[in-house]
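Dear colleague,

Please find below the structure that I am handing over to you. My notes on what was found in it follow directly after.

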Amino acid sequence: MFSDSNPLLAILFKLIAPLLPAVFQYFGIWLLACFVLQAWFGWKLLGLISDSIAIRILGTGLFVFAPPMLWRLRCHLSLSGHFLIVAALYLVLVPELKRRRLVWGALLTTTSMVNAYLFVMVGSLWVADLAGKTIKRKLSLRRMAIELITIVLVTGITCWQAGYFSVSDGLIGGGYGFIRLNLLSIFDCCGPHSGNWSYVLKDIPEAEGDYEGFNFLGLGVIFLLVCALPKMIAGSFGLKEKIRRFPVLLVVLAGLTVFAVSNRVGFGSFVFEYPLPALVLRAANVFRSSGRMFWPVFYVILFVVI
């Protein structure tokens, strides 16, 4: 887990290691799967709001060419698995989910074997769905408790086998508040280490560590956002009513955003910092690359704009 080796495929191919050549890697297979599954779950998600083949194809293209996903092709290849986040959003938003324990259990178990950051994001969306359904009495307390206990046990065993608990010292590093999300990141086409992603838009000055918070929407999506804002403000398609259907999801997304921004709030090159208790800061440093935690919010923005 801590070597960026993608335990899901590392363990799978270890079983047939004697049949493989001495020089072998599985990240080509992994990246192909990431693109195919990103398209598939993007298509499924957009099917919740439109029956138009054209809209779903064009919208799926925006999911497949999402800059935060594409940027991961240069490093930390396991983090290219954004399809896991899109799949979790689909499970949260789909009106009727059959065999939810099995489906959520499979998704969380798979994600736990890919990357810890993705696991936290998908796990947060599962908690939002579980709590939201329980509050609205779509799930009884008994069913909620069974699902919670079952999935925690199964994913706990999976995490143990993937090596999450093999490191006792050195798990917590410094850096929370440095490798963060800048408040202007969705409009910032380039930055430290992320390159230039637009021929039209100009760079927004930012801090050195903001590259992990790279969440550029792309000029096309920004254009769609500008077109959609008047209808959002006018309430012509009932966005407020739709938001009220998922209050817990909204709280979780807000929490992920606050964590991603960190206690060193960056607005372009301007930084405002507020202190955190040592215990909180120590816990936050486990996931010090906090800018990544905005990815579920990124895809929700994309979905809402479409």
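In these notes, buried means under 20% relative accessible area, exposed means over 50%, and partly exposed lies in between (1.4 Å probe, protein chains only). The model is predicted: local features need pLDDT of at least 70 and side-chain atom pairs count only at pLDDT 80 or more, while totals for chains, interfaces and linings use all residues. Residues are numbered from 1 along each chain as its sequence is written, and side-chain values use heavy atoms, with hydrogens and water left out.

Serine 198

By the cut-off above, serine 198 counts as buried because its relative accessibility is 12%. Serine 198 sits in the loop between β2 (195–196) and α9 (219–234); helices (H or I, at least four residues) and strands (E, at least two) are DSSP runs, numbered from the N terminus. The side chain of serine 198 reaches the backbone nitrogen of valine 200 at 3.1 Å. When neighbours within four places in sequence are set aside, serine 198 is in contact (heavy atoms within 4.5 Å) with Cys189 and Phe216.

Positive phi angles

Aspartate 4, in the segment before α1 (7–14), has a positive phi near 60 degrees, although aspartate 4 is a residue other than glycine. Its relative accessible area is 37%, so aspartate 4 is partly exposed. Arginine 99, which is not a glycine, has a positive phi of about 50 degrees. Arginine 99 lies in the loop between α5 (83–93) and α6 (100–112) and, with a relative accessible area of 67%, is exposed.

The chain as a whole

The chain holds 13 helices and 4 strands. Along its principal axes, the C-alpha trace spans about 60 × 45 × 45 Å.

Of the 306 residues, 46% are buried. Among contacts between residues at least 6 apart in sequence, 73% join residues at least 24 apart. The chain exposes about 15,900 Å² (Shrake-Rupley method, 1.4 Å probe), and carbon and sulfur atoms supply 70% of that area.

The 26 positive charges (Lys and Arg) and the 14 negative charges (Asp and Glu) have mean positions 12 Å apart. His and the chain ends are not counted, and the place of a charge is taken as NZ of Lys, CZ of Arg, CG of Asp or CD of Glu.

Yours sincerely

Key: A polar contact is a pair of N or O atoms within 3.5 Å; within protein, one must be able to donate a hydrogen and the other to accept it, and residues adjacent in sequence count only if both atoms are side-chain atoms.
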